[in-house]
Amino acid sequence: MSTGPKALERLHLKGYQAGWWIVFGLGITVCALCAVDPDAWNWYGSTLQVGRTVVRHRASRTVGGVPMGWSYRRAVVGRAGVEPSSVKASHSDMKSKALDAVLKEVNSRFGSGAVMRLGDVQQYAPSVISSGALTLDMALGGGWPQGRIVEIYGPESSGKTTVALHAMAEVQKTGGIAALIDAEHAFDADYASRLGVDVENLILCQPDSGEMALEVVDSLVRSGAVDLIAVDSVAALAPRAEIEGEIGTVTVGAQARLMSHALRKLTPVAAKSNCTILFLNQIRYKIGVLYGNPEVTSGGNALKFYASVRLEIRVKGKLESEGEQRGIHVKTKVVKNKCAPPYKIAEFDIIFGNGINALGCLVDVAEKVGVVERRGSWYYKDTDKLAQGRDNTLEVLRSNSSLALAIKEEVSKTLSELS
């Protein structure tokens, strides 16, 4: 075998030509693979490192959201004349069928109505229960929402129990059933009857412990027969461990854990049974707070999050007549509302022994919406002069029930038009 310079040159030339033939063969192989599998472009671009940007761009092009190679697109779009819009339409049909199938499967596993389209639901907004005070109904967006958890908190003797009793009376007027969990063991049946509560048909429970109270609430809600449950109050729901222990034994966070566990169970059940739960709560003060508000509600923070409506109630003034106090003027603020715009303020009078002054609320709302006009100290209905001063106007309406009814109907019509 010759090893001269010419022989070596011929050997190098043959090797160079063989290398080109190998590269050419690999190219033919890659093209054939790409014609069969469009994803081969990705392998070709990542392996050979030749024209990576162009190859990846071409390989990542989609029709109807599906990645396709050149050959597939040319066969489908170029030769068959299929437009990308039609491919998208077919892809949308496939997604719709898949969604229908998974909805059917979930409903078969977890029961009918476990998952649904919102358009299939007949009623979006929850129905409401009147609070008995027209000004408070306006602030709440119509009244207490059904199927939700509500917290009413404030200082002592501010009217929390009175507001709850009026709510129960309004439920019973519409044929519903109300229940009271009297954890404070301070229920006054005579006062409740004067507020309009049907005491004979009221469900009353005076529990021995917080666990018993919340278990009773859970049972009543799950029955689906009760429309409103009032718990008076959260601060009085003493855990069983605290009751069975000695006085002074520290049980840190026991009540907060109890409320958190109970609310996790009660929230979905109350929504399904359309039962409203009113939690009355007390105010405590933090120790050592120099800046900011030291007030805090008892029972932990869970109720703040699970409550759809939180109402703060405070005494704004006293009502006196002939040197004697006959009631209080209350100011309420909706600090949280998931069913209507929050931070609305409502004021009304609570008369000792009679509850909320409904006529006073009617006059205030009628003046606000323009049904009744006040000029100076005189009140007018259209061009008719009613009386001078708010108290005298209330006496006129109290003695003329037909006029009060006409004003109430006009106010209701105006409010419905505004909403």
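pLDDT is the predictor's confidence in each residue, from 0 to 100. This is a predicted model, where local features need pLDDT of at least 70, side-chain atom pairs count only at pLDDT 80 or more, and totals for chains, interfaces and linings use all residues. Residues are numbered from 1 along each chain as its sequence is written, and side-chain values use heavy atoms, with hydrogens and water left out.

**Exercise 1. Find out how confident the prediction is, and which stretch scores below 50.**

Step 1. Begin with the average: the protein chain has a mean pLDDT of 85, and 78% of the residues score at least 70.

Step 2. Then look at residues 46–82, where the pLDDT is below 50. Beyond near neighbours in sequence, this stretch has 40 contacts in the model (a contact means heavy atoms within 4.5 Å).

Step 3. Take care with such a region: where pLDDT is low, the predicted coordinates should not be read in detail.

**Exercise 2. Describe the overall build of the protein chain.**

Step 1. Count the elements: the protein chain holds 15 helices and 18 strands. These are DSSP runs numbered from the N terminus, with helices being H or I of at least four residues and strands being E of at least two.

Step 2. Check burial: 37% of the 419 residues count as buried. Buried means under 20% relative accessible area, exposed means over 50%, and partly exposed lies in between, using a 1.4 Å probe and protein chains only.

Step 3. Look at the contacts with a separation of 6 or more: 60% of them join residues 24 or more positions apart.

**Exercise 3. Which residues of the largest nonpolar core touch the most other members?**

Step 1. Set the rule: a nonpolar core is a set of buried Ala, Val, Leu, Ile, Met, Phe, Trp, Tyr and Cys residues joined through side-chain atoms within 4.5 Å.

Step 2. Apply it: the largest core has 37 residues, and Leu136, Trp144, Ile152, Met168, Leu278 and Phe348 touch the most other members. Helix H7 gives the most to this core, with seven residues.

Step 3. Zoom in on leucine 278: beyond its neighbours within four places in sequence, its contacts include Trp144, Ile152, Ala164 and Leu228.

Step 4. Look for another core: a second, separate one of 28 residues includes Cys205, Ala213, Phe279 and Ala307.

**Exercise 4. Is alanine 179 buried or exposed, and what does it touch?**

Step 1. Alanine 179 counts as buried because its relative accessibility is 0%.

Step 2. List some partners: not counting residues up to four places away in sequence, alanine 179 touches Met168, Leu202 and Ile229, among others.

Step 3. Compare sequence with space: alanine 179 and valine 217 are 38 residues apart in sequence, and their C-alpha atoms are 8.9 Å apart.

**Exercise 5. Describe the two largest pockets.**

Step 1. Learn the term: on a 1 Å grid over the protein atoms alone, a pocket is an open set of points where a 1.4 Å probe fits, with protein on both sides within 12 Å along at least five of seven lines; lining residues have an atom within 4 Å of a point. Grid points are joined across faces, edges and corners, and the volume is the space filled by probe spheres set on the points.

Step 2. The largest pocket has a volume of about 740 Å³. Its lining has 27 residues, with Ser130, Ala133, Leu134, Asp137 and Lys408 nearest the centre. Helix H15 gives the most to this lining, with seven residues.

Step 3. The second largest pocket has a volume of about 540 Å³. Among its 28 lining residues, Ser157, Ser158, Gly159, Lys160 and Thr161 lie nearest the centre. Here H7 gives the most, with four residues.
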